[in-house]
Amino acid sequence: MKKIILLGYMGCGKSTIAQNLSKSINIPFLDLDKCIEKRANLSINEIFEQHGEIYFRKLEHEMFVELLQSSENSIIGLGGGTPCYANNHELLKSDTVVSIYLKASIETLYNRLVHNKSKRPLIANMDEEEMKEFIAKHLFDRSFYYNHAQHKVVVDDKTVEETVEDIKTLLA
Ligand SMILES: Nc1ncnc2c1ncn2[C@@H]1O[C@H](COP(=O)(O)OP(=O)(O)OP(=O)(O)O)[C@@H](O)[C@H]1O
Ligand SMILES: O=C(O)C1=C[C@@H](O)[C@@H](O)[C@H](O)C1
Ligand SMILES: [Mg+2]
């Protein structure tokens, strides 16, 4: 069995979808951000504040490689930036993984993130106007890396259940 990797921008639903998919197909879910927090014994916010983003990206790469090396079946929800650093995007093409980009529009992302930014250090201190512009530019820059995924599922205007069904169809 291959590892199932969900990737995409902050707020596209990696953690939410992975949790529901996990229940539906009975394969354990590992959230890369949560694994990093556990290993560092700090929240993502604290890692950024106390050690900076470069340190976070190093931990993120190490933890991603470690999760891929384990022999367990799993669904891995990546962090929003994971594919964009340390050549992690190259790992998305491996034969031993099924990588799926959860593709959301700027509008969907903005609507989901605007009231849920406090735990996301890259946008936590932005006002609404600033955030919209940031998401648009950032998503454009990151799309190159996200598009290395083997599959793409558009999540706009879909319920969690509909997106889970779309993923199950492409896994079948
Ligand atoms: N149809 C939907 N599919 C997925 N998430 C949805 C949907 N509708 C609303 N949401 C909400 O959008 C948010 C998605 O956040 P989630 O933490 O799952 O994203 P993420 O991609 O893991 O973000 P991050 O990269 O910051 O970890 C959640 O608050 C979720 O409840
Ligand atoms: O998009 C990003 O760069 C990030 C997304 C989150 O999942 C966390 O990994 C962290 O807040 C950085
Ligand atoms: Mg998440």
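This is a predicted model: local features need pLDDT of at least 70, side-chain atom pairs count only at pLDDT 80 or more; totals for chains, interfaces and linings use all residues.
I count a residue as near a molecule if its C-beta atom, placed from the backbone, lies within 6 Å of it. I applied this to ligand 2 first.

Residues are numbered from 1 along each chain as its sequence is written, and chains are lettered from A and ligands numbered from 1 in the order in which they are written.

**Ligand 2.** I found Met10, Asp33, Ile44, Gly79, Gly80, Gly81, Arg120, Pro121 and Leu122 around ligand 2. I sorted this shell into 4 nonpolar, 3 polar and 2 charged residues. Here Ala, Val, Leu, Ile, Met, Phe, Trp, Tyr, Cys and Pro count as nonpolar, Asp, Glu, Lys and Arg as charged, and the others, Gly among them, as polar.

**Ligand 1.** I listed 21 residues around ligand 1, the closest being Gly13, Lys14, Ser15, Thr16 and Gly80. H1 and helix H8 (160–171) are the elements that give two or more residues to this shell. H1 has the largest share, with 4 residues. Helices (H or I, at least four residues) and strands (E, at least two) are DSSP runs, numbered from the N terminus. By class I get 5 nonpolar, 11 polar and 5 charged residues for the shell around ligand 1.

Ser15 sits in helix H1 (residues 14–25). I put Ser15 down as partly exposed because it has 18 C-beta neighbours inside 10 Å. The cut-offs within 10 Å are 20 or more other C-beta atoms for buried, 12 or fewer for exposed, and in between for partly exposed, with C-beta atoms placed from the backbone. Beyond four places in sequence, Ser15 is in contact (C-beta atoms, placed from the backbone, within 7 Å) with Asp31 and Gly77.

**Helix H2.** I checked H2 (residues 32–40) and found Leu32, Asp33 and Ile36 buried. Down the axis of H2 the buried residues fall within an arc of 100° (taken from the directions from the helix axis to the C-beta atoms), so they line one face of the helix. They pack against strand E2 (29–31), helix H3 (44–51), helix H4 (53–69) and strand E3 (75–77).

Technical notes. Two residues are in contact if their C-beta atoms, placed from the backbone, lie within 7 Å.
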